[in-house]
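Dear colleague,

After it come my notes, with the cut-offs given where each term comes up.

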Amino acid sequence: MTKTAMQRSLDLMITVRERELERRVADLARKQALGARYLGNVQRLEQLAQQLGSSTDTVLDAGLAANRAAYQQGVQALTETHRQELALHEADTAHTRHGVQHLARRQQVLGQVLDRSLAQSQAEQQRREQKSQDAMAGQAWLRGQA
């Protein structure tokens, strides 16, 4: 059975979609790894800020206290920046995940269309073969009658 031009086109489209899906899945995996690094950074910065806030050094001179306060504010600002970047990154990752799911569904639909088309072609081929066999059987029967 030979494939029709439409079936070859569908097969090619499915192959292209598979490659695109693989590329996007790899991109999603990279984004998830980056998100995990962002989350780890935020957690470490929060721990550092907590340790800075919980220190009970009572004997600090004014310069050291000012330096420590500035450092603590810097750590808190950096933590907040990382939180914001993490939130943006999570939104981007969710968008990419949605795109991967959409592409997978489209590929699945193309696969179903190709399967149906192949099944129809096979059924048509079987009908032709059955018709040919019926015609030959009819001729043989007529020859036997004569």
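Which residues does His-89 touch, not counting residues up to four places away in sequence? They are Lys-31, Leu-34, Gly-35 and Tyr-38, where contact means heavy atoms within 4.5 Å.

Before going further, please note that this is a predicted model, in which local features need pLDDT of at least 70 and side-chain atom pairs count only at pLDDT 80 or more, whereas totals for chains, interfaces and linings use all residues. Residues are numbered from 1 along each chain as its sequence is written, and side-chain values use heavy atoms, with hydrogens and water left out.

The overall picture is as follows. The chain has two helices and zero strands, these being DSSP runs numbered from the N terminus, with helices taken as H or I of at least four residues and strands as E of at least two. Helix α1 covers residues 5-54, and helix α2 covers residues 62-145. The C-alpha trace spans about 125 × 25 × 15 Å along its principal axes. The radius of gyration of the chain is 34 Å, whereas a compact globule of 146 residues would have a value near 15 Å; the radius is taken over C-alpha atoms, and the globule rule is 2.2 Å times the number of residues to the power 0.38. Of the contacts in the chain with a separation of 6 or more, 84% are between residues 24 or more positions apart.

Buried residues make up 21% of the 146 residues, where buried means under 20% relative accessible area, exposed over 50%, and partly exposed in between (1.4 Å probe, protein chains only). There are 20 positive and 16 negative side chains, and the centres of the two sets lie 10 Å apart; Lys and Arg count as positive and Asp and Glu as negative, while His and the chain ends are not counted, and each charge is placed at NZ of Lys, CZ of Arg, CG of Asp or CD of Glu.

To return to the residues around His-89, this residue lies in helix α2 and counts as buried because its relative accessible area is 10%. Lys-31, in helix α1, is likewise classed as buried because its relative accessible area is 16%. Leaving aside neighbours within four places in sequence, Lys-31 is in contact with His-89, Asp-92, Thr-93 and Thr-96. Its side chain also makes a polar contact of 2.8 Å with the side chain of Thr-96 (a pair of N or O atoms within 3.5 Å; within protein, one must be able to donate a hydrogen and the other to accept it, and residues adjacent in sequence count only if both atoms are side-chain atoms).

Gly-35 also belongs to helix α1 and is buried, at 14% relative accessibility. With the neighbours within four places in sequence left aside, Gly-35 is in contact with Leu-86 and His-89. Gly-35 and Glu-85 are 50 residues apart in sequence, yet their C-alpha atoms are 9.3 Å apart in space.

Elsewhere in helix α1, Glu-22 is exposed, with a relative accessible area of 56%. In helix α2, Gln-139 counts as partly exposed because its relative accessibility is 44%.
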